[in-house]
Amino acid sequence: MCFVAEGVAKMRVLRTIDSIWEKIERGILSITTILMSLMLVGNAISRYFFNKSWPFTEEIGKMGILVLTFMGLGYAARKSMHIEMSGFYDLMPKKIQRILGIFINLISALVLILCTYLAIQYVEHLYTINQVSTILRLPLYLTMMVIPIGFFLASIRYFVDFGKRIAEKVED
């Protein structure tokens, strides 16, 4: 009986952490989108009225796209908003869908773990060569850190979905 209570308490803690992390992800994505929009509109207004462009907007825009893409990867996996082609999958019996779903989630998680590893190596390389951005002179490894983070978060989501698929019961 004590083991069940411990398991329930651990699941509650994991759900709380997951909920907090989802809010952090959503906040990062929202703030990045809003700031990029304000910056690009501000630059357009500055160009139109003052004939002066802000030189850093392209650089920050690229960084914002990186954040949106790779932090969005984990968020999209969490919300099942990723691209899927389910024409044949939907026609299959439920047992085959379950087996295929297990396989898809496992392979996706493993590929994303590999991408995480490669991205970490890339960020370490940028750190080693001390490469900086052209205009703002920011260390590039700082902005590129979102790549392995995004891959890692997406892989966790696929591992969680893999576990859920294994635990689910199939009804015919």
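**Group meeting: charges, rings and one leucine**

Let's start in helix H1 (residues 2-50), where Glu22 and Arg26 sit 4 residues apart, so about one helical turn separates them. Helices here are DSSP runs of H or I with at least four residues, strands are E runs of at least two, and both are numbered from the N terminus.

Some housekeeping, friends: this is a predicted model, in which local features need pLDDT of at least 70, side-chain atom pairs count only at pLDDT 80 or more, and totals for chains, interfaces and linings use all residues. Residues are numbered from 1 along each chain as its sequence is written, and side-chain values use heavy atoms, with hydrogens and water left out.

How confident is the predictor? The mean pLDDT, its confidence in each residue from 0 to 100, is 88 for the protein, and 94% of the residues score at least 70. Among the elements, H4 has the highest mean (94) and helix H3 (residues 87-91) the lowest (81).

Back to Glu22. Its salt bridge with Arg26 has the closest N and O atoms 3.6 Å apart; the term means a Lys or Arg side-chain nitrogen within 4 Å of an Asp or Glu carboxyl oxygen. Glu22 also meets Lys79 in a salt bridge, at 2.6 Å from N to O.

Is Glu22 buried or exposed? Glu22 is buried, at 14% relative accessibility, while Arg26 is partly exposed at 39% and Lys79 partly exposed at 36%. The cut-offs are under 20% relative accessible area for buried, over 50% for exposed and partly exposed in between, using a 1.4 Å probe and protein chains only.

The structure holds 7 salt bridges. One of them joins Lys62 to Glu58, at 3.6 Å between the closest N and O atoms, and both residues are exposed. Salt bridges with shared partners also connect Asp18, Glu25, Arg78 and Arg157 in one network.

Now the rings: there are 4 aromatic pairs, meaning Phe, Tyr or Trp rings (six-membered ring for Trp) with centres within 6.5 Å, called stacked under 30 degrees between planes, edge-to-face over 60 and tilted for the rest. Trp54 and Phe56 are stacked, with 5.9 Å between centres and 10 degrees between planes. Tyr127 and Tyr141 are edge-to-face, because their planes stand at 90 degrees, with centres 4.8 Å apart.

Finally, Leu66 in helix H2 (residues 57-78) is buried at 18%.

Terms used: pLDDT is the predictor's confidence in each residue, from 0 to 100.
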